Amino acid sequence: MPTKTLQIPTTDGQADAFAAFPDHGDRHPGVLLYADAFGIRPVLREMARELAGHGYYVLVPNLFYRHGPAPVVELPEHIGEEVRPALIDQLMPLIEAHTAERVLSDADAYLRFLTAQPEVGAGPVAVTGYCIGGLLAMRTAAAHPGQVAAVAGFHGPVGADGPDGLSKLTAQVHLGHAETDMTPEALGELNQALDAAGVDYTSEIYPGTIHGFTMSDTDAFNSAALQRHWDRLLPLLGRTLANS
């Protein structure tokens, strides 16, 4: 699977990024993949390659490029519960500095770059995200209704912008929530808001999961839930990007 390390021009500089794509010469639908707060690392590259193997050009930007190239904080090979709190303490100022204005400015740059790549076909794109990346994916889809045909968020604070954020969505949506992030009551409220906004969506709590369940380099990892994530994500992309 071909991969590239890239630099994406933004209004605030250059965002380092990773891309994976199929090894045959056709053009492929584009997918913008937002990492979790821990950022680009081997597990994210592996997920991008897995997705690319299904026929997509997958672009993974360093969300916190303003603070340096990835990895912005030093990460162990395995992010266990004994080190997680200290890492989150380091990352929280970066997350707080990543304002909604910065998110949208970066999203413009990422999508412009993605669709300009010679390996990417014309037509709509998809956006997917994990943890904080799930919220960024939703914001990106809401800000680019004509361009983003599918959006997926996993164990992320996807409803944080409330009904106003949901009302701008035209993409098909899948949301996979962790049991520890979303009560059944909160899920009902979120799904009611999606219904009221007229969104074409699926939104469910993945059983037996805790926050971060897709990431195999953390204690939160749940292999069955990761497979469920692929079982939801791949058909969504197949439906929405088939003609790209």
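The questions and answers below concern a predicted model.

Residues are numbered from 1 along each chain as its sequence is written, and side-chain values use heavy atoms, with hydrogens and water left out. Because the model is predicted, local features need pLDDT of at least 70 and side-chain atom pairs count only at pLDDT 80 or more, while totals for chains, interfaces and linings use all residues.

Me: How many helices and strands does the protein have?
Reply: Helices (H or I, at least four residues) and strands (E, at least two) are DSSP runs, numbered from the N terminus. On that basis the secondary structure comes to 7 helices and 8 strands.

Me: What share of the 244 residues in the protein is buried?
Reply: Buried means under 20% relative accessible area, exposed over 50%, and partly exposed in between (1.4 Å probe, protein chains only). Of the 244 residues, the buried share is 53%.

Me: How many of the residues of strand β3 are buried?
Reply: Strand β3 spans residues 30-34 and is mostly covered. On one side Gly-30, Leu-32 and Tyr-34 are buried, and on the other Val-31 and Leu-33 are buried as well.

Me: Which residue in β4 stands opposite Gly-30?
Reply: Two strands pair if DSSP finds at least two bridges between them. Strand β4 (residues 57-61) pairs with β3 in the parallel sense over 3 bridges. Within β4, the residue opposite Gly-30 is Tyr-57.

Me: Which residue in β5 is the bridge partner of Tyr-34?
Reply: Strand β5 (residues 125-130) runs parallel to β3, joined by 4 bridges. In β5, the partner of Tyr-34 is Gly-129.

Me: Why does His-229 count as buried?
Reply: His-229 lies in helix α7 (residues 223-241). It counts as buried because its relative accessibility is 0%.

Me: With which side chain does the side chain of His-229 make a polar contact?
Reply: Contact means heavy atoms within 4.5 Å, and, not counting residues up to four places away in sequence, His-229 touches Met-47, Tyr-130, Phe-154, Tyr-206 and Thr-214. A polar contact is a pair of N or O atoms within 3.5 Å; within protein, one must be able to donate a hydrogen and the other to accept it, and residues adjacent in sequence count only if both atoms are side-chain atoms. At 2.7 Å, the partner side chain is that of Tyr-130.
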